[in-house]
Amino acid sequence: MARETPPRPVLLFACEGVDAGAWRAEIDALQAQVEVRFWPDAGDPRDVTAGFAWGNPPGFWRRFPNLRAIFSLGAGVDTLLADRDLPTSAQVVRMLDDSMASDMSDFVRMCVTYHHRAMHEYAVLQAEGVWRSIRPPRNARRTVGVMGLGALGGRCALDLAAAGFAVRGWARRSRTLPDIATFTGEVEFEAFLAATEILVCLLPLTPETEDILSARVFSALPRGACVINVGRGRQLVDDDLLAALDSGHIAAATLDVFRVEPLPADHPFWRHPRITVVPHAAAFTHPDTAVPALAANLRRLLDGAPLAGVVDRTTGY
Ligand code: NDP
Ligand code: OXD
């Protein structure tokens with residue numbers, strides 16, 4: 001059946017579990033470039049040129065035959081890519097939001113400082129009513145290792161180095177960052193871990209990084225090391241962490257992401273004296289900075305120019 005061609009490209013806002021009201025004012029500014037529709041009021045599915053996505057059920061995007069790009073509201077695209085019916089014709093684009101990087105860096109620096117200054121030990125001592133001061137080394141004598149040196153991990157590594165820590169970073173490909181000792185791939189992984197006293201995981205979830213925080217990694221870290229996971233819950237083997245904590249090889253952990261979220265009420269992490277549980281709140285996408293970044297990418301899409309943050313579906317990030 002013939003249909004009226006929509007006068008303008010359409011962006012569909014389809015972020016589930018997200019307060020659309022908080023985004024509406026910023027998103028409205030995009031009306032200058034595109035017609036914005038809010039799910040479930042998508043209109044004719046053939047009109048939709050691009051999607052703004054989060055938390056959609058599998059198969060959701062399959063219904064839009066003319067979709068050219070799916071912009072993720074979040075930096076992590078693992079849920080999106082897990083959808084086997086994701087249209088191959090659409091580019092998948094992750095969120096690059098400076099304010100999110102700044103949130104993440106603040107959070108990671110706070111957690112690193114928490115462990116560096118033995119706050120996890122004071123929490124245990126307080127529960128026992130014990131007054132004992134623990135003298136930390138100077139920042140420069142504390143080695144922090146960051147797994148993942150992308151938009152978020154790279155920023156955290158640089159800010160930790162600026163705070164005076166001895167920072168090392170690990171990535172898949174060779175990376176150069178000022179004042180950071182960098183390590184590449186599987187061959188340099190053990191060397192990276194060997195001196196890392198506080199380990200920060202900021203990897204994307206891919207088939208290669210799933211279960212990466214395992215007994216093998218914990219035993220390669222020096223005794224007394226601390227672990228901070230802000231990547232994804234499925235990167236951590238929960239039982240291996242519990243065993244490493246119980247043996248005393250790992251001193252403490254701060255976890256922001258979990259295999260199942262919300263973390264089930266009966267999960268042992270909730271009550272472990274050496275684990276700090278944070279409800280996936282390390283960093284947020286901020287509408288006032290994310291929407292201008294989205295607008296710039298929409299302009300590129302409409303001009304046929306390369307987009308910023310395109311995901312490589314073969315590597316999964
Ligand atoms: P990027 O894609 O910018 O960076 C990913 C980094 O991980 C790159 O340095 C990449 O290496 C490295 N990497 C990927 N696979 C491997 C591997 N197999 N071995 C070694 N290094 C690897 O991602 P972002 O920095 O933007 O985000 C990282 C993750 O943070 C997100 O995917 C998400 O899971 C998580 N996140 C968590 C949030 C929270 O609130 N807890 C909020 C936002 C994101 P290379 O440089 O060589 O490509
Ligand atoms: C994200 C997240 O990926 O919130 O943005 O974890």
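**Helix packing in a predicted model**

The model is predicted. A second pair, H1 and H9, is likewise described as oblique.

**H3 and H5**

- The crossing of H3 with H5 is right-handed.
- On the H3 side, the contact is formed by Asp 98, Met 100, Ala 101, Ser 102, Met 104, Ser 105, Val 108, Arg 109 and Val 112.
- On the H5 side, these residues are met by Ala 151, Leu 152, Arg 155, Cys 156, Asp 159 and Leu 160.
- By class, the residues of the H3–H5 contact comprise nine nonpolar, two polar and four charged.

**H1 and H9**

- Helix H1 (residues 20–28) packs against helix H9 (residues 287–303) at an angle of about 40 degrees, and the two axes are 9 Å apart.
- H1 and H9 cross in a right-handed sense.
- From H1, the residues in contact are Ala 22, Trp 23, Glu 26 and Ile 27.
- Their counterparts in H9 are Pro 287, Asp 288, Ala 290 and Val 291.
- The residues of the H1–H9 contact comprise six nonpolar and two charged, with no polar residue.

Definitions and conventions
Residues are numbered from 1 along each chain as its sequence is written. Chains are lettered from A and ligands numbered from 1 in the order in which they are written. This is a predicted model: local features need pLDDT of at least 70, side-chain atom pairs count only at pLDDT 80 or more; totals for chains, interfaces and linings use all residues. Side-chain values use heavy atoms; hydrogens and water are left out. Axes are lines fitted to C-alpha atoms, for helices over the stretch in contact, and angles run from 0 to 180 degrees between N-to-C directions. Helices (H or I, at least four residues) and strands (E, at least two) are DSSP runs, numbered from the N terminus. Angles under 35 degrees count as roughly parallel, over 145 as roughly antiparallel, 65 to 115 as roughly perpendicular and the rest as oblique. A crossing is left-handed if the near helix is turned anticlockwise from the far one by less than a right angle, and right-handed if clockwise. Contact means heavy atoms within 4.5 Å. Ala, Val, Leu, Ile, Met, Phe, Trp, Tyr, Cys and Pro count as nonpolar, Asp, Glu, Lys and Arg as charged, and the others, Gly among them, as polar.
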